[in-house]
Amino acid sequence: MNSLKDKAAIAEKFITAFIKWVIISALIGGTGGAAGLLFHICVERAAEFRAENSFTLWLLPIGGIIIAALYKLSRMQGKGTDHVLESIHTNSIVPASVAPVIFVSTVLTHLFGGSAGREGAALQLGGSIGSLIGRLFKLDKNDMKIVIMCGMSALFAALFGTPITAAIFAMEVSSIGIMHYSSFIPCMVAAFTASGISGRFGAQPVQFILKTVPDMSVLNMVMAGTLAALCAVLSIVFCITMKETGKLLKRLFKNEYIRIAAGGVFIIILTLACGTRDYNGAGMDVIKRAIRGQAVAYAFILKIIFTAVTIESGYKGGEIVPTFFIGATFGCIAGGILGLNNGFSAAIGMIAMFCGVVNCPVASLMLAIEVFSGQGVEFFALACAIS
């Protein structure tokens, strides 16, 4: 009899916990979906305005000074995505002020032509929202870790329209090599809720159709594996370039205002020298062309330089979409040389490069499945494993 009572008590405990987390994560997902939708609209409108008004590029240094001032006034210097991830392990609070500051700063970066994505901002926005809701519910330290991951999942899903990837990525990136399974249901509920809201109101998911998928032959697998290995090396080059550029800029320009303005001036000079605006902003149009089999041979090199200068001088956004750009353009060229279809090799390059940079193979495979509708999944699995 006591055994039955114990089992009933345990079952009641689990059911209560399940209901509690469904409610909390749905609330985070709803809030994150609305915030992500607004963020998506603002970034898209900023990019459209920049494309229609070329003079905005000349205002990039001024935009940088405004960003530096915002961070100094809010006392948020040095608090970025790493701070959000660190809070999961140190039980520190993600300040609510992170959300508006990173929101405005990322929009300004895109408005004036900095080379950046938006996922870094999404993770920070999501972490801030999750932390705020966790404090409202007076959750304990262990639960606060989960709500921060829920917030990250929600914003990522709202922006990219890839809820499974968003949930797995938040779980995987929080502790590389360790999956927090206790956060699986909360992150999934938050991600699907946020993705549903943003999609319902017009945010289009990131999706591509591959025109050609090679046969599963030994030769094709070897070529795809070789391309993945090359992308792994390129991801190391990218990470080192980012790190060393940051060190160099801080050594040359001690003052953050001068540093970010100088970075803006350098981006202007680079843009004029290239004679194209392909390397400003996120570069989704270039990614789409690469997936169709068209890419400039040196595009990936220029995007690395543009992104390193933009992010490391102090502009905000993130490196994931630029990583897609680098991987897709490199894959398109390198894969063609190896003998693979250019469009398909661009897709392999995009996923392998992402995997090499974030070091999250499961999330990378989920991304390939969601973005490419499950086409060529065996090739992507191999690429993620190798990269």
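Me: Before we start, how do you know where a helix axis runs and what its angle means?
Reply: Axes are lines fitted to C-alpha atoms, for helices over the stretch in contact, and angles go from 0 to 180 degrees between N-to-C directions. Helices themselves are DSSP runs (H or I, at least four residues), numbered from the N terminus. This is a predicted model, where local features need pLDDT of at least 70 and side-chain atom pairs count only at pLDDT 80 or more. Residues are numbered from 1 along each chain, and hydrogens and water are left out of side-chain values.

Me: Why are α9 and α13 called oblique to each other?
Reply: Helix α9 (residues 218-252) and helix α13 (residues 320-338) cross at roughly 140°, their axes coming within 10 Å. Under 35 degrees is roughly parallel, over 145 roughly antiparallel, 65 to 115 roughly perpendicular, and the rest oblique. So α9 and α13 are oblique.

Me: What makes the contact between α9 and α13?
Reply: Contact means heavy atoms within 4.5 Å. On α9, the residues include M223, L230 and F238, and on α13 they include I326, F330 and L338.

Me: And why are α9 and α12 oblique to each other?
Reply: Helix α12 (residues 299-313) packs on α9 at about 40°, with the axes 9 Å apart. That angle goes with "the rest", so α9 and α12 are oblique.

Me: Which residues of α9 and α12 meet?
Reply: Among them are L234, F238 and M242 in α9, and F300, I304 and E312 in α12. By class, this contact of α9 with α12 has nine nonpolar, five polar and one charged residues. Here Ala, Val, Leu, Ile, Met, Phe, Trp, Tyr, Cys and Pro count as nonpolar, Asp, Glu, Lys and Arg as charged, and the others, Gly among them, as polar.

Notes: Helices (H or I, at least four residues) and strands (E, at least two) are DSSP runs, numbered from the N terminus.
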